[in-house]
Amino acid sequence: MPLVATGEIVGPAVRAGLGAGAFNVIQIEHAQAIVAGAEAAGTPVILQISENAVRYHGALAAIGRATVEVARAARVPVAVHLDHATGPALVQEAIGLGFGSVMFDASSLDYGANVAATAAVVADCHAHGVWVEAELGEVGGKDGVHAPGARTDPAEAAAYVAATAVDALAVAVGTSHAMVVKEAVVDLDLVAALRAAVPVPLVLHGSSGVPEADLTRVVEAGLTKVNIATHLNVAYTRAIRDHLDEHPEVVDPRRYVATARDAVAREVARLLKLVRAAA
């Protein structure tokens with residue numbers, strides 16, 4: 001199954017009224033687990049590498065190339081996406097590595113500067129056939145940059161999409177990044193209003209904090225791309241802790257990391273069903 005463009009996953013999901021699951025990669029085992037979960041569920045999936053993950057590795061190239069190769073070997077359609085890039089240089093590097101989409105995050109800037117910076121990135125990406133997601137409304141929880149409680153205004157969102165030509169828009173509707181408890185209250189009325197006003201697919205960041213019953217509801221209300229990262233990290237870490245508690249003599253990381261990889265694969269398969277991922 002060849003590597004696909006993100007739009008080839010998100011577009012059909014929008015038309016079918018379904019969700020598209022997007023999960024963050026930190027290590028190669030995350031990429032392998034996410035693909036295994038998608039194969040078990042029989043659905044497409046999006047692998048995301050964030051700027052924070054790039055910083056952890058010291059560069060994009062190694063983890064980026066590895067993730068692209070994992071995607072190319074998958075038995076279901078898989079896209080590779082750059083998440084929360086704040087500068088055009090990283091965007092350019094991702095394009096060169098074969099990423100089919102990027103999320104350019106200028107949401108810390110004022111509206112005018114956000115539009116100008118994003119429009120420039122979009123023009124360059126579209127020249128290379130790359131799909132672009134952007135953010136308006138500052139989803140909370142990322143290193144203190146984004147304001148908790150922010151909400152995206154539907155009229156401003158529609159104007160922003162028209163001014164920037166972005167392919168998808170991440171909106172602030174009540175979630176926050178890095179939540180380890182499922183206490184986020186998504187404003188479903190706002191989601192519906194945004195869906196009615198905005199002509200491109202809507203993206204939910206901070207989905208790990210959304211109660212699981214609500215993951216399907218947010219898709220039904222009009223959100224399509226559902227980003228999940230922290231929830232998988234919780235499962236990954238718990239599996240390693242449990243394995244080492246039960247087998248304190250183990251020193252080979254392949255043994256305990258394998259259990260974490262399997263745990264993440266199971267969660268991905270289950271979560272893809274909750275977001276009604278397009279088959």
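Glutamate 69 and arginine 72 are three residues apart in helix H4, so about one helical turn separates them. This is a predicted model, in which local features need pLDDT of at least 70 and side-chain atom pairs count only at pLDDT 80 or more, while totals for chains, interfaces and linings use all residues. Residues are numbered from 1 along each chain as its sequence is written, and side-chain values use heavy atoms, with hydrogens and water left out.

Helices (H or I, at least four residues) and strands (E, at least two) are DSSP runs, numbered from the N terminus. A salt bridge is a side-chain nitrogen of Lys or Arg within 4 Å of a carboxyl oxygen of Asp or Glu. The whole structure contains six salt bridges, including those tabulated here.

| Salt bridge | N to O distance |
|---|---|
| glutamate 69 and arginine 72 | 2.8 Å |
| arginine 55 and glutamate 51 | 3.3 Å |
| glutamate 39 and arginine 75 | 3.4 Å |

Arginine 55 and glutamate 51 are both in helix H3 (residues 51-57), four residues apart, about one turn of the helix.

Accessibility classes are buried (under 20% relative accessible area), exposed (over 50%) and partly exposed (in between), with a 1.4 Å probe and protein chains only. Arginine 55 is exposed at 52%, whereas glutamate 51 is buried at 15%. Arginine 75 is exposed at 64%, and glutamate 39 is partly exposed at 21%.

In strand E5 (residues 131-136), six of the six residues are buried, so the strand is largely enclosed by the rest of the structure. Trp131, Glu133 and Glu135 point one way from E5, and Val132, Ala134 and Leu136 point the other way.

Two strands pair if DSSP finds at least two bridges between them. E5 pairs in the parallel sense with strand E4 (residues 101-104) over four bridges, with phenylalanine 104 having alanine 134 as its bridge partner in E5. Strand E6 (residues 168-171) also runs parallel to E5, joined by four bridges, and its alanine 168 stands opposite glutamate 133.

Serine 101 lies in E4 and is buried at 0% relative accessibility. Its side chain makes a polar contact with the side chain of threonine 6 at 2.5 Å. A polar contact is a pair of N or O atoms within 3.5 Å; within protein, one must be able to donate a hydrogen and the other to accept it, and residues adjacent in sequence count only if both atoms are side-chain atoms.
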